[in-house]
Structure formats: C-alpha cells, structure tokens
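Dear colleague,

Please find below the structure that I am handing over to you. My findings follow directly after it, and I would be grateful if you read them with the model open.

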Amino acid sequence: MKMRKRPNILLTGTPGVGKTTLGKELAQRTGLSYVNIGDLAQEGELYDGYDEEYQCPILDEDRVVDELDDQMVDGGMIIDYHGCDLFPERWFHIVFVLRTDNTQLYTRLETRGYEGKKLQDNVQCEIFQTIYEEAMEAYSEDIVHQLTSNTPEDMDRNLEQIIQWSEQWVKDNN
Ligand code: DAT
C-alpha cells in the first residue's frame, strides 16, 4: 500500500517568537512529526566546535541535514529552528516566519534568562527581520509566509490557518 503524501513545514523566526509552542500543538492536532533542531543536535551531539562569544556549541549543519534527510523525503515533518538557510530548499512545501513585537520579545527572552549581549542581539535580530530576509533568500518567495505571534489569539489563529493549509495540501497531493 502506498503511503499518503504529507507536507513538510518549516517554522522559523527569532528565538522566543513561539515556534516550539506552535509546532508541538500543531503536531498534536495534525499527526505530523515535530522536530526541534536544537534538541536534535543536543541529543545526537551534532556539533562542530564552540562559539566563545555566545557561549554555545556550534551546530554541525551537514550532520543535521544527513540525520533528517530520509524522514524529510518521506514527508509529514514539522521543523523548528531559529535559522533556515542550512536546510535543502527541496525539503519544505511551506515556510512560516513567526514575528513578535520587540517589547514583547524582550520580555519573553528576559523571562527565559537571556541577558546582556545575547538578549540585545536576539531582539535586534527581530527588529532587522533577519530571519525573514534569510527565508526569502533561501526559499521561493511564494512559499514564505509571515505570521504575527504576539498574543494567545494569534497563536490560535496561526494554528487553525496551518491546519487548514495542511489538510488542503493532503487533498491536493493524494
Ligand atoms: P521559540 O520556540 O520560538 O523560541 P517558544 O514557543 O518557546 O518560542 O515561546 C517563548 C515563550 O513565549 C513561551 O513562554 C510561550 C510564549 N509565547 C509564544 N508565542 C506566544 C503568543 N503568540 N502569545 C503569547 N505568548 C506566546
């Protein structure tokens, strides 16, 4: 029996915009598989060196891609990462860039324990819409969508919108 085809979705954006919250809920509601790239790298120690400035390990992008490629080819994956140009363009059927107002993002990241340069740099990343521009460069512009993620109502609306898109994709591709 041939498996039903299912889409691959990328959730990206600055840390703190709500990717993980949205991705996990989306997985529960759709049955798609959720993968947090940060967690995957940590579990598999998919690192290549250490960033002294940010005091964090550096992702081994090639090994991350190798690790996931078979599953991505099968489809039905939700990928969560605060970057997007490390992945093969062919992986994704749609890319969502979550966006949050600076003041709210600042509060969320402070609550998470970010401070000093790390806090400033991440808020600046959102102000300069760095990830959105990265996504527009890395993927076909017509599959890249920005989603406002300031409030719980935004979260619910985004969830419903992606579920609908996913259901339609499954109908159109099977
Ligand atoms: P990310 O995975 O992008 O780093 P997260 O899902 O961990 O973000 O969310 C960070 C925090 O912000 C978490 O406490 C949940 C909260 N949050 C995220 N999106 C929100 C929204 N749209 N409305 C209210 N709170 C939100």
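Gln-129 counts as partly exposed, because its relative accessibility is 30%, and the model in which this value was computed is a predicted one. The residue lies in the loop between α5 (116–127) and α6. Glu-45 is found in the loop between α2 and β3 (47–51). With a relative accessible area of 59%, Glu-45 is exposed.

Helix α2 also deserves a look. Gly-44 has its place in this helix and counts as partly exposed, at 38% relative accessibility. In sequence Gly-44 and Arg-63 are 19 residues apart, while their C-alpha atoms are 9.5 Å apart in space. Ala-41 is likewise found in helix α2. Is Ala-41 buried or exposed? Ala-41 counts as buried, because its relative accessibility is 1%, and the cut-off for that class is under 20%. Setting aside residues up to four places away in sequence, Ala-41 touches Leu-46, Tyr-47 and Leu-59. Its C-alpha atom is separated by 8.0 Å from that of Asp-60, a residue 19 positions apart from it along the chain.

I turn next to the nonpolar interior. In soluble globular proteins, nonpolar side chains tend to be buried together. The largest nonpolar core of this model has 28 residues, of which Ile-37, Leu-68, Ile-79, Phe-87, Phe-92, Val-95 and Tyr-139 touch the most other members. Two or more residues of this core come from each of α2 (37–44), α3 (61–74), β5 (77–81), β6 (94–99) and α6 (130–138). Helix α3 gives the most to this core, with four residues. Beyond its neighbours within four places in sequence, Leu-68 is in contact with Val-35, Ile-37, Leu-40, Met-77, Ile-79 and Trp-91. There is also a second, separate core of 22 residues, which includes Val-17, Ile-94, Leu-119 and Ile-163.

Asp-69 lies in helix α3 and counts as buried, at 19% relative accessibility; the cut-off is under 20%, which explains the assignment. Which side chain does the side chain of Asp-69 meet in a polar contact? The partner is the side chain of Trp-91, at 2.7 Å. With residues up to four places away in sequence left out, Asp-69 touches Arg-90 and Trp-91. Ser-166 has its place in helix α7. With a relative accessible area of 6%, Ser-166 is buried. Apart from neighbours within four places in sequence, Ser-166 is in contact with Pro-7 and Leu-32.

Finally, the ligand. How many residues surround it? The shell has 15 residues, and the closest are Gly-16, Lys-19, Thr-20, Thr-21 and Arg-112. By class, the shell divides into eight polar, four nonpolar and three charged residues. Both α1 (19–30) and α7 (152–172) supply at least two residues of this shell, and α1 gives the most, with three.

A polar backbone atom of Asn-150 is 3.4 Å from a ligand nitrogen atom. For Pro-152, a backbone N or O atom lies 3.3 Å from a nitrogen atom of the ligand. Taken alone, the ligand exposes 540 Å², of which the protein buries 73%.

With kind regards

Conventions. Residues numbered from 1 in each chain as written. Predicted model: local features only at pLDDT ≥ 70, side-chain atom pairs only at ≥ 80, totals over all residues. Heavy atoms only, no water. Near = heavy atom within 4 Å. Polar contact = N/O pair within 3.5 Å; in protein donor to acceptor, adjacent residues only side chain to side chain. Areas by Shrake-Rupley, 256 points an atom, 1.4 Å probe, with all protein chains shown as cover. Nonpolar A, V, L, I, M, F, W, Y, C, P; charged D, E, K, R; others polar. Core = buried A, V, L, I, M, F, W, Y, C linked by side-chain atoms within 4.5 Å. Buried < 20%, exposed > 50% of the residue type's maximum accessible area, 1.4 Å probe, protein only. Contact = heavy atoms within 4.5 Å.
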